[in-house]
Amino acid sequence: MKKILIKNFKNLNNYGSGMMGLVTIDKIFKELKGNVQFYSDFDEYASLNEIKNELNNNSINLNVFKPITLQPKIKFLKPFYTLYNILNTKDIKQFDLIIVLGGDDLSEYYGKHIWPLLLSFYSWSFKSKMVLLGQSIGPFNFWLNRFVFKKLANRSKIFTRDKFCFDYIINELGIIKNVTLSGDLAFLDLPLQKSIEYQEKTLLRFDLVPNEYVTIIISGLFGKYYTDSKEDYFGCFKELIIKIKNNNELKDKKICFIAHTFPPHGNESDLLKEFEDYVKGIEGLVFIKDKIYQGAARFILGNGKFTITGRMHASVSTFQMGKPSISLSYSVKYRGVIGNNLGQNDLIIESNNPELWKNRAIVDLIYNKISYLINDYDNLTYNIRLSVIKQKELVDNAFDGIIKDLK
């Protein structure tokens with residue numbers, strides 16, 4: 001019986017990280033024919049029963065992993081205890097494999113000091129096999145992040161989720177050994193994705209008809225990215241709604257808004273409630289504010305005409321089901337996963353600029369992309385489907401390599 005620790009699958013409250021965790025467990029469980037115990041850093045927001053439901057398999061052995069940490073009683077000893085906790089491997093040697101799931105926790109998008117995390121993984125690598133799976137790594141501007149990652153990279157297998165990151169690791173960091181180009185894990189089918197009945201029930205629940213609606217993700221990341229003005233942010237989307245409603249091709253279609261993250265990842269449900277009040281009186285809008293889990297979210301994203309989103313995995317799910325998505329980018333990961341991997345640079349808008357939202361220029365930029373994809377819709381969807389097949393193959397190859405090392 002193999003014991004595998006999966007890091008960064010804390011709960012289902014972020015559709016993106018939840019999807020990556022689900023496909024990883026589902027894939028490995030099937031390849032090992034159930035001869036495996038899974039552990040993860042599930043937190044207080046996680047329900048193992050809900051996760052098993054999304055895995056469509058109650059027989060999967062899921063366990064919570066919480067490493068023991070020591071707390072100092074004397075304040076000036078805190079740095080020493082912190083270092084001890086980072087380097088502690090006492091609870092790690094039980095695992096045959098540790099998988100650190102991507103996205104972008106090993107980049108500097110969300111904070112400068114990621115070296116303690118990298119140092120911890122480096123310490124673990126002496127007690128268990130380490131795999132960094134589906135990762136966007138770097139770019140590192142802080143020297144200590146670069147230094148510690150180079151040490152870790154020599155002791156881990158690394159599967160990048162885009163060519164930008166792959167090239168960065170090889171060309172900028174000089175790391176060639178153990179690095180393989182892969183894709184975003186969420187390009188694989190979710191465990192419940194083949195259930196036609198579940199798909200039909202999901203759409204019926206929200207009175208949605210395939211291809212008769214457009215999906216928009218109002219991102220809780222505004223403030224940190226895009227603009228710090230809620231009035232500008234909401235105002236731009238309200239103007240966009242009006243423009244869509246006045247478009248001859250789209251005027252009869254509903255516009256569906258769906259929350260993408262929930263506490264502790266950002267409460268987009270509350271944000272969507274505020275926006276619903278802000279656009280009160282406009283007809284043909286559907287608001288999905290409550291958590292509906294990964295399978296249902298993918299069905300909604302993938303059955304619309306197209307998606308407009310500031311959350312990258314909403315784009316990934318839309319593309320995964322063969323539909324186009326307009327991405328409001330705030331980092332290079334969009335160019336890597338959506339641009340380079342799928343060849344869809346034409347559907348990315350660099351949106352991390354407050355002036356675009358203040359002067360409402362972002363509305364025209366999005367609307368121009370809408371016009372572009374409507375005019376070239378059949379060709380776009382054909383190329384998207386071909387590109388997704390290639391991404392699935394890359395991810396499958398990564399899992400093949402992992403399983404081979406385990407057997």
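Trainee: So buried means under 20% relative accessible area, exposed over 50% and partly exposed in between, with a 1.4 Å probe and protein chains only. Which residues of α11 are buried?

Mentor: M312, H313, A314, S315, V316, S317, T318, F319 and Q320. That's nine of the nine residues in helix α11 (312-320). Helices here are DSSP runs of H or I with at least four residues, strands are E runs of at least two, and both are numbered from the N terminus. Keep in mind that this is a predicted model, where local features need pLDDT of at least 70 and side-chain atom pairs count only at pLDDT 80 or more, while totals for chains, interfaces and linings use all residues. Residues are numbered from 1 along each chain as its sequence is written, and side-chain values use heavy atoms, leaving out hydrogens and water.

Trainee: What happens just after α11?

Mentor: G322 takes a positive phi of about 90 degrees there.

Trainee: OK, sheets now. In what order do the six strands of the open sheet run?

Mentor: β10-β9-β8-β11-β12-β13, with parallel pairing. Two strands pair if DSSP finds at least two bridges between them. β10 (285-288) and β13 (348-350) each have a single partner strand, so one side of each lacks a neighbour in the sheet.

Trainee: How many bridges join β8 to β11?

Mentor: Three, between residues 213-217 and 307-309. I217 has T309 as its bridge partner in β11.

Trainee: And β1, which strands do bridges join it to?

Mentor: Five bridges go to β2 (36-40) and four to β4 (97-101), parallel in both cases. K3 sits opposite Q37 in β2, and I4 opposite L97 in β4. Five of the six residues of β1 (2-7) are buried, so the rest of the structure largely encloses this strand.

Trainee: Switching to charges: how many salt bridges does the count come to?

Mentor: 20, where a salt bridge is a side-chain nitrogen of Lys or Arg within 4 Å of a carboxyl oxygen of Asp or Glu. One of them pairs K27 with D396, with the closest N and O atoms 2.8 Å apart. That pair links distant parts of the chain, K27 in helix α1 and D396 in helix α15 (377-406), 369 residues apart.

Trainee: Which residue does K273 form a salt bridge with?

Mentor: D270, with closest N and O atoms 3.8 Å apart. Both lie in helix α9 (268-278), three residues apart, about one turn of the helix. K273 is partly exposed at 39%, and D270 is too at 38%.
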